[in-house]
Amino acid sequence: MRKYLLKRVFYMLLTLFLVATITFFLMKLMPGTPYSNQEKMTPQQIKIMNEQYGLNKPVWLQYLIYLGGMLHGDLGTSFQYSNQPVSYLISSRIGASAQLGLQAMIFGVLVGIIIGSFAAINRNTWIDTLCTILSIIGKSVPNFVLAVLLQFYIALKLGWFPIADWGGFSYTVLPTIALGVGPLAETARFIRTGMVDVLNSDYIELARAKGLTKFGIVYHHALRNSLIPLVTLIGPYTVALMTGSMVIENIFSIPGIGEQFVKSITTNDYPTIMGVTMLFSAGLVVVILLTDIVYGIIDPRIRLSGNGD
Amino acid sequence: MAERILDVKNLEINFHTYAGDVKAIRDVSFHLDKGETLAIVGESGSGKSVTTKSLMGLLANNAEVVGGSIMYHDQDILKKSEKEMQNIRGKDIAMIFQDPMTSLDPTMKIGQQIAEPLMKHKKMEKKKAWAQALDILKLVGIVNPEKRINEYPHQFSGGMRQRIVIAIALVCYPEILIADEPTTALDVTIQAQILDLMKELQSKIETSIIFITHDLGVVAGMADRVAVMYAGKIVEYGTVDEIFYNPQHPYTWGLLNSMPTLSSTSLEAIPGTPPDLLDPPKGDAFAARSAYAMKIDVEKEPPFFKVSDTHYAATWLLHPDAPKVTPPTEIVRRQKLFAKMSANKSVKA
């Protein structure tokens, strides 16, 4: 097990290195410069600025300098704000995004599992159809539409929750729902498909022959066996949500990282692009490792030899 | 006479399909006494499994019981609610399935799978149920049960898994055990072990067995009585000796004739295929495939004719007016043996 983990960690680092390299050179291929008022600047000024930010050096040298900095934990300084290190920019904003993403994911997956199971148990009835229609709507309605509707009806008309801004838990409720509907619909679809298969299997028939109740069969036998395909989906989805959603954060005025990421691309803020990309990739490789471990917990057949017995 | 614990009368089951109603079970009656083994024999699609599933209340959603009754002691199973059936399943009537490779939950420890019925029906706590699960694992012959109780199904071989499935079925000491082709998916040496185990356990816990199979070789060693099914009907039933040595229905002849014996040089097959039960034939369903069919066989359904107190067959050949026919040679050989056996018996008596 330890040998396996070491190997996995090595591959994770290798992946991150490749991501850093490819992103860096692709980024340099983007048109434009980081200077927003370039047309008003004289060539001299541009030259001075380039020297100041190290952008006059050849690209390969910039790359090596960046890598060297990254190894020491230095992600550089943002071009957008004077003297603001990227690491600070990220750490001050990731909290809100991560909390929101995690809440949305937990909400979506839990409700999705319930709806999906419900649909599978009552398959080919009106309940199933209703659940399917709901999940299609959930998947196809853009979350900003839902966000605005929630703001209007729940926050403005009913006044149950704050309409926007970032304070206590009550501020997170509406954005969590808006953000969570996507994974909810996806989860419901996955669970429904998986469980319909599982419910047709022999061991479910055996469970029925034991005299177990419907609920007991679903809870003890069907659910766990339907989770495998879902686990594959949940990991990367969680990372994507936790690293920020520009639209939702904008609508609810949440000081998250999502908006920064988009802004950094449009302004050619190279260090921030790199920083956020690396954060996202690091989250992803870690989550993929976790997913593989969770597989083994859910399904003993996938468990690594030497671990199971 | 032994106590009668199950009495199925005039059972009729239809399956609703897009093409129409498939009449899968057509007027089936049989009974089961305490402690005996009844084998239901027939080819695929003859309705064996559907019959037994109706005993458990486990029919598919598109199946409908159109008529008849299934009396378990003095209660009609067909009139029970799903909740009431849940209290009977696994406790009074248990079932062993065909394929041990797929009938165990791959993500649950086998100890828990065996303990589940105990926790449900005997309201046992987990610890106590596991202790009992360990006992039954020993009983079904799992080596090193203390360790293996914590393992998962994929860590067992096919034969071992079927032992576990048997353990699950027997853990509540059911009155009736339904075995739906329990050895079909196993190789021959393992088959024999499983059959021996079932016989041994039957005497230990005094359960009655309904044994579903298409393998007559298995029937001979297991059953007390045999019912032969064809196209959703029972065509002949009797004691195992009567069915094997004095068969009367041409379909039973065909089945026995297609079974290898020590003296057979080639195997006979029954020509043709079973009838379409969307629109069952009017007369004897087997007539179209039978070399002994008469004109009346396609016109009118034969009733059961009595051969002995325990032996009945639904074929017009037994009608007093029917012409005498000579069955296949193998059957004639068997009937001669039967005559000798009964002569010996009457001498002894």
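## Helix 1 and helix 3 of chain A

In this predicted model, helix 1 of chain A uses Ala20(A), Phe24(A) and Lys28(A) to meet helix 3 of chain A, which contributes Val59(A), Tyr63(A), Tyr66(A), Leu67(A) and Met70(A). By residue class, this contact of helix 1 with helix 3 in chain A has 7 nonpolar residues, 1 charged residue and no polar ones.

Helix 1 of chain A covers residues 2-28 and helix 3 of chain A covers residues 59-71; their axes are 11 Å apart and the packing angle is about 140°. The two helices of chain A therefore count as oblique, since the class of roughly antiparallel is kept for angles over 145 degrees. Helix 1 of chain A passes helix 3 of chain A in a crossing that is right-handed.

## Helix 1 of chain A by itself

The end C-alpha atoms of helix 1 of chain A are 39 Å apart.

How many of the 27 residues of helix 1 of chain A are buried? The count is 0, and helix 1 of chain A is accordingly described as hardly covered.

## Helix 8 and helix 9 of chain A

The crossing of helix 8 and helix 9 in chain A is right-handed.

On the helix 8 side of chain A, the residues in contact are Tyr203(A), Ile204(A), Ala207(A) and Arg208(A); they meet Ile217(A), His221(A) and Ala222(A) of helix 9. This contact of helix 8 with helix 9 in chain A divides into 5 nonpolar residues, 1 polar and 1 charged.

## Chain A as a whole

Chain A has 12 helices and 0 strands. Its C-alpha trace spans about 85 × 60 × 30 Å along the principal axes.

Of the 309 residues in chain A, 35% are buried. When contacts in chain A between residues at least 6 apart in sequence are considered, 74% join residues at least 24 apart.

## Where chain A touches chain B

The contact between the chains draws 18 residues from chain A and 24 residues from chain B. On the chain A side, the elements giving two or more residues are helix 8 (202-209) and helix 9 (214-242) of chain A. Helix 8 of chain A provides the largest share of that side, 6 residues. The side of chain A that touches chain B consists of 7 charged, 6 nonpolar and 5 polar residues.

## Cys172 of chain B

Cys172(B) sits in the loop that links helix 6 (158-170) to strand 7 (176-180) of chain B. Is Cys172(B) buried or exposed? Cys172(B) has 22 C-beta neighbours inside 10 Å and so counts as buried, because the cut-off for a buried residue is 20 or more.

Leaving aside residues up to four places away in sequence, Cys172(B) touches Gly90(B), Lys91(B), Ala94(B), Pro117(B), Leu118(B), His121(B) and Lys122(B). Of these, Pro117(B) is 55 residues from Cys172(B) in sequence, while the C-alpha to C-alpha distance is 7.0 Å.

Note on methods:
Residues numbered from 1 in each chain as written. Chains lettered and ligands numbered in written order. Predicted model: local features only at pLDDT ≥ 70, side-chain atom pairs only at ≥ 80, totals over all residues. Contact = placed C-beta atoms within 7 Å. Helix = DSSP H or I, 4+ residues; strand = E, 2+ residues; numbered from the N terminus. Nonpolar A, V, L, I, M, F, W, Y, C, P; charged D, E, K, R; others polar. Axes fitted to C-alpha atoms, helices over the stretch in contact; angles between N-to-C directions. Parallel < 35°, antiparallel > 145°, perpendicular 65-115°, else oblique. Left-handed = near helix turned anticlockwise from the far one by under 90°. Expected span 1.5 Å × (residues − 1). Buried ≥ 20, exposed ≤ 12 C-beta atoms within 10 Å, placed from the backbone.
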